[in-house]
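Subject: Structure handover

Hello,

Here is the structure for your files. My notes on it follow below.

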Amino acid sequence: MENCINIVLNNFTNDSRVCKTSIALHKLGIPVEVVALHDSGLNEKECCEGFSVRRIKLSTKNLPKISILQLIKYIEFLVRVFIKYRNQVGYVHCNDLGALPIGFLFKRFSKGNVKVVYDCHEYETERDGMSDALKKILKFFERRLIGCADSVLTVSESIACCYVDDYAIAKPKLVLNCPMFNDQVKQNLFRTVFGIRADQTIFLYQGGLKGGRGIELILEAFSDLKSDRNVLVCMGFGPLEDAIKEKARKYNTIFFHPAVNQDVLLTYTSSADYGILFYEDTCLNHRYCSPNKIFEYLMAGLPVLTSNLYEVRRLVEKEGVGIVAKENTVESFRDAVIASLEQDYSAIQANVFNARTKYCWEEQEKVLKEVYDNI
């Protein structure tokens with residue numbers, strides 16, 4: 001069986017999708033090595049569950065982080081990977097657009113013998129905050145490189161359809177960002193840590209604490225409640241961490257918890273009553289996203305409260321697993337909280353338990369198997 005390199009342009013310390021993909025390929029009998037960027041304090045080589053990791057050291061790493069020098073670093077990474085693995089692999093699994101040129105090189109110099117899978121973790125050319133000029137540049141390169149891929153994967157039906165429209169390719173396969181199935185039982189860690197009463201309903205936001213996720217809106221909503229019946233726990237790390245801590249000092253309805261390791265995440269998640277996913281509709285990537293966060297909530301047994309984004313709304317309404325706010329406003333968020341509390345919690349949680357058997361990684365592995373069998 002020919003080897004596979006699974007390329008990712010980060011230091012591979014917290015990339016669950018790349019890890020799960022590598023394990024899935026190992027189960028198919030394909031030897032896998034994750035190729036990532038080296039960072040201080042990390043091992044250049046590691047052995048993980050069924051696959052190995054090699055982090056590439058760059059001589060240009062300490063150059064200033066300005067665009068032209070970042071490009072030089074990227075070119076060094078590309079060249080080092082190509083030289084090291086040329087004539088040694090049969091498959092190149094490219095995670096996101098930054099890795100696709102490497103797959104293109106392997107495909108071209110092997111005269112088509114190396115098989116390339118392009119795994120799009122998001123709608124990368126339509127991300128939040130991107131300038132029109134950058135979008136055009138990325139689409140230019142993606143349009144010219146995507147043809148080298150023997151198969152394209154992505155994370156939502158809408159993004160798959162966009163790729164068909166953008167590049168006139170076969171419809172990408174869907175591999176959702178789901179966790180492994182876990183029959184997680186209810187826990188009460190947050191009530192124990194923060195002294196939250198049994199009669200209070202816990203709404204949990206977990207993940208990156210940064211702009212575009214509706215965090216400021218959520219904080220405002222929980223800062224002006226008439227009672228302490230509903231409380232908010234924000235768990236994660238990012239630029240908005242200090243703002244959350246400041247609110248938590250002022251209001252007894254807001255709590256901050258640091259991010260936790262992936263292996264105990266569901267235990268903490270299951271300690272809430274509802275999960276919040278309130279991405280702002282600021283770009284097509286958000287509008288069409290299908291984030292791992294929603295599947296983590298479901299796997300932990302939580303109904304979800306979401307903003308009105310196309311893909312998450314479709315999932316929530318199809319499966320009957322939560323409430324979708326009408327608009328991305330403080331008032332609409334409060335209305336969604338009230339609406340969620342008026343639901344039959346036992347009935348909606350039964351839907352959650354049913355959904356998590358469908359939205360688990362074991363189901364996504366079946367798609368990966370089909371893809372690699374076909375190529």
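Two strands are taken to pair if DSSP finds at least two bridges between them; helices (H or I, at least four residues) and strands (E, at least two) are DSSP runs, numbered from the N terminus. This is a predicted model, where local features need pLDDT of at least 70 and side-chain atom pairs count only at pLDDT 80 or more, while totals for chains, interfaces and linings use all residues. Residues are numbered from 1 along each chain as its sequence is written, and side-chain values use heavy atoms, with hydrogens and water left out.

Eight strands make an open sheet of mixed pairing, in the order 3-4-2-1-5-6-7-8. Strand 3 (45-47) and strand 8 (173-174) are at the edges with a single partner strand each, so one side of each has no neighbour in the sheet. Strands 5 and 6 are parallel, paired over five bridges; His-93 has Val-117 in strand 6 as its bridge partner.

Thr-154. This residue lies in strand 7 (residues 151-154). Thr-154 counts as buried because its relative accessibility is 0% (buried is under 20% relative accessible area, exposed over 50%, partly exposed in between; 1.4 Å probe, protein chains only). A polar atom of its side chain lies 3.3 Å from the backbone oxygen of Cys-120.

Regards

How values were computed:
A polar contact is a pair of N or O atoms within 3.5 Å; within protein, one must be able to donate a hydrogen and the other to accept it, and residues adjacent in sequence count only if both atoms are side-chain atoms.
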